[in-house]
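Open the model in your viewer and keep the selection tool ready. This tour goes stop by stop.

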Amino acid sequence: MGAKKIKVRKKDTEKADEILSFSQQMLEWGRRHASLLMGAVGGLVAVLLVSWAVGAYLDVKERRAQRELAALWRDTEALDAKDEAALKDHLNRLQSVAEKHDGTAAAAGAALTMTRLLFENGRYEEALQWYDRASKGFPKDAAAKVIMTYGRLMCLESMGRVEEALAGWATLAEVVEGGLKREALWHQARMTAAKGDRERAQKLYEAALQVKGLYPEDALLRAEKSRL
């Protein structure tokens, strides 16, 4: 008896292609935006967004929102952020997706894209507000908490809110490992040195050097420590 022929409906292959296409868009976005929060946490952003958003795409209610966001991400790549009018228009479009589709993966992705653009253009206070907004839409798990904490701390440090940032980096360093722990210790060391506490800063640089990680490099840590 011959093997039974398996019939595959055209609409099923089209659906698979559609989901695969979206998955590839998500993966490509994750690759290009590894600097979304900068440093070691970039990989977490890509993994979290890809795994969550691709799964959410299977829900028909999510599809339109994520198609809108995919188009906006393509436009983000071509955006000239120095063009204030273009930047304002693009931020408004992202905000529209974030607000119109509140509670979806697409809304959280739009909010995170806004944080990157705002941060890169020195609008740290606005970026901080959108990190808070994005955190409400992400799954309540440890990875999401680390991502949002990291982004908020980068904003606080850039805004000169030293004590808040220092306390936050210290807390983060206690709950993470590897490269992210190394980076959190480094942020503490730099800020502590800027405050004039050389002894404490030296200890923090030494602690950072003891943690394995690619960023910051040993040479940078040692160079900054030697200047204390």
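Start with Trp186. At 4% relative accessibility, Trp186 counts as buried. The scale used here calls a residue buried under 20% relative accessible area, exposed over 50% and partly exposed in between, with a 1.4 Å probe and protein chains only.

Before moving on, note the ground rules. This is a predicted model, in which local features need pLDDT of at least 70 and side-chain atom pairs count only at pLDDT 80 or more, while totals for chains, interfaces and linings use all residues. Residues are numbered from 1 along each chain as its sequence is written, and side-chain values use heavy atoms, with hydrogens and water left out.

**Stop 1: the aromatic pair**

Trp186 and Tyr215 form an edge-to-face aromatic pair, 5.5 Å centre to centre with 80° between the planes. Rings of Phe, Tyr and Trp (its six-membered ring) pair if their centres lie within 6.5 Å; planes under 30 degrees apart are stacked, those over 60 are edge-to-face and the rest are tilted. Trp186 sits in helix 9 and Tyr215 in the loop between helix 10 and helix 11 (218–226), so the pair ties together parts that are 29 residues apart in sequence. Tyr215 is partly exposed, at 40% relative accessibility. The whole structure has three aromatic pairs.

Step one residue on, to Pro216. Pro216 is in the loop between helix 10 and helix 11. The peptide bond from Tyr215 to Pro216 is cis, with omega near -10°. Most peptide bonds are trans.

**Stop 2: helix 10**

Select Leu204, in helix 10. Is Leu204 buried or exposed? Leu204 counts as buried, at 4% relative accessibility. Leaving aside neighbours within four places in sequence, Leu204 is in contact (heavy atoms within 4.5 Å) with Leu185, Gln188, Ala189 and Thr192. Now draw a distance to Ala184. The C-alpha atoms of Leu204 and Ala184 are separated by 9.8 Å, and the two residues are 20 apart along the chain.

**Stop 3: salt bridges**

How many salt bridges does the structure hold? There are 12 salt bridges, each a side-chain nitrogen of Lys or Arg within 4 Å of a carboxyl oxygen of Asp or Glu.

Show Lys195 and Glu163. They form a salt bridge, with the closest N and O atoms 2.8 Å apart. The pair links distant parts of the chain, 32 residues apart: Lys195 is in the loop between helix 9 (178–194) and helix 10 (198–210), and Glu163 is in helix 8 (residues 162–175). Glu163 counts as exposed, at 52% relative accessibility.

Then show Arg161 with Glu164. Their side chains meet in a salt bridge of 2.8 Å, N to O. Arg161 is partly exposed, with a relative accessible area of 31%. Glu164 is also partly exposed, at 41%.

Move to Glu126 and Arg123. Their side chains also meet in a salt bridge (2.8 Å, N to O). Glu126 is partly exposed at 33%, and Arg123 is partly exposed at 32%.

**Stop 4: the loop at Asn121**

Select Asn121, in the loop between helix 5 and helix 6. Asn121 is partly exposed, with a relative accessible area of 31%. Not counting residues up to four places away in sequence, Asn121 touches Ala81 and Leu87.

**Stop 5: the cavity**

Which residues line the largest cavity? Select Ala98, Asp102, Ala107, Ala108, Ala111, Arg133, Ala134 and Gly137. Helix 5 (105–120) and helix 6 (124–137) are the elements that give two or more residues to this lining. A cavity is a set of points, on a 1 Å grid over the protein atoms alone, where a 1.4 Å probe fits but cannot get out; lining residues have an atom within 4 Å of a point. The volume of the largest cavity is about 40 Å³, counted as the space filled by probe spheres set on the points. The search finds one cavity of 30 Å³ or more.

**Last stop: the whole chain**

Zoom out and colour by secondary structure. The protein chain has 11 helices and zero strands, where helices (H or I, at least four residues) and strands (E, at least two) are DSSP runs numbered from the N terminus. Of its 228 residues, 42% count as buried. Among contacts between residues at least 6 apart in sequence, 60% join residues at least 24 apart.

Definitions and conventions
On a 1 Å grid over the protein atoms alone, a cavity is a set of points where a 1.4 Å probe fits but cannot get out, and a pocket is an open set with protein on both sides within 12 Å along at least five of seven lines; lining residues have an atom within 4 Å of a point.
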